[in-house]
Amino acid sequence: MVESVTKATLIAEILDRKSVVAFDGRPIEDSKLQAMVEAARWAPSASNRQPWRITLVRGGDARKALNEALAPGNQEWAPSAPLLVVFATDVPDPERPASGAKMMLDNGFAGQNLMLEAVHQGLRVHAMGGWDEGKVKAALGMPEGNVVAFVVAVGYGGDVSTLSEDLLAKENRDRVRNDVGENFFDGKFGVPWKA
Ligand SMILES: Cc1cc2nc3c(=O)[nH]c(=O)nc-3n(C[C@H](O)[C@H](O)[C@H](O)COP(=O)(O)O)c2cc1C
């Protein structure tokens, strides 16, 4: 009950973003690609360093190689998306080990901006954390000294009737979250926040 009240007041794109596996192959309009780039570009970052290095991969040999660089489970659905976006960042400064975490965090902000803008543009998205690092770098010609942070598949929603049984179950699975009090605290660590 409280949950549904909370949801009703949220920005629609936050709720509409869902990790789908059914994508239509039709290309994404340039204006929408540009909007996604701008959205990511305006993400916050530590000291405004903007450590994200974001490669948008649509077709050609690079895309074929990138498809094959994904974890096997992701290869079952992600190749059907017309766009894969690879987020990467410089290897952190060895003098400041915590900088690596911040660079990843900044990439996450940029990624969330991009995903929410994509949803705003009527597109569907799915973030991935499974790939072969060496193969992704080779596919994109990424220089040494960079690490891949994550990959996001983007496209229009596809025909679910063509999905395998397993993928259909993944597409339709319930979206669940922990109870608020498990992750949110009131004033002191561990004291459940009450919605
Ligand atoms: C960093 C990150 C890595 C993820 N890796 C994968 C992945 O490799 N394969 C996959 O199918 N989903 C992956 N997901 C999607 C999550 O499973 C999904 O976000 C989560 O189950 C919540 O569902 P929702 O996105 O529909 O709200 C990843 C999500 C994030 C943020």
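Reader: Which atom of Gly130 lies 3.4 Å from an oxygen atom of the ligand, backbone or side chain?
Author: This is a predicted model, and in it the atom of Gly130 that lies 3.4 Å from a ligand oxygen is a backbone N or O atom.

Reader: And how much of the ligand's own accessible area does the protein cover?
Author: On its own the ligand has 630 Å² of accessible area, and the protein covers 62% of that.

Reader: How many residues surround the ligand, and which are the closest?
Author: There are 14 residues around the ligand, and the closest are Ser19, Asn74, Gly129, Lys170 and Arg175. Sorted by class, this shell has six charged, five polar and three nonpolar residues.

Reader: Which element gives the most to that shell?
Author: That is strand 4, residues 124-128, which contributes three residues.

Reader: Changing topic, which residues of the largest nonpolar core touch the most other members?
Author: The core has 45 residues, and those touching the most other members are Met36, Trp77, Leu84, Phe87, Met128, Val151 and Val154. Its largest share, eight residues, is supplied by strand 5.

Reader: What about Leu66, buried or exposed?
Author: Leu66, which sits in helix 4, counts as buried because its relative accessible area is 0%, and the cut-off for buried is under 20%. Beyond its neighbours within four places in sequence, Leu66 is in contact with Val57, Leu84, Val86, Val136, Ala139 and Leu140.

Reader: Then what is the relative accessible area of Asn146?
Author: The value for Asn146 is 10%, so this residue also falls under the 20% cut-off and is buried. Asn146 lies in strand 5, and a polar atom of its side chain is 3.1 Å from the backbone oxygen of Pro143.

Reader: Which residues is Asn146 in contact with, leaving aside neighbours within four places in sequence?
Author: Those are Arg53, Thr89, Asp90, Val91, Glu133 and Lys137.

Terms used
Residues numbered from 1 in each chain as written. Predicted model: local features only at pLDDT ≥ 70, side-chain atom pairs only at ≥ 80, totals over all residues. Heavy atoms only, no water. Near = heavy atom within 4 Å. Polar contact = N/O pair within 3.5 Å; in protein donor to acceptor, adjacent residues only side chain to side chain. Areas by Shrake-Rupley, 256 points an atom, 1.4 Å probe, with all protein chains shown as cover. Helix = DSSP H or I, 4+ residues; strand = E, 2+ residues; numbered from the N terminus. Nonpolar A, V, L, I, M, F, W, Y, C, P; charged D, E, K, R; others polar. Core = buried A, V, L, I, M, F, W, Y, C linked by side-chain atoms within 4.5 Å. Buried < 20%, exposed > 50% of the residue type's maximum accessible area, 1.4 Å probe, protein only. Contact = heavy atoms within 4.5 Å.
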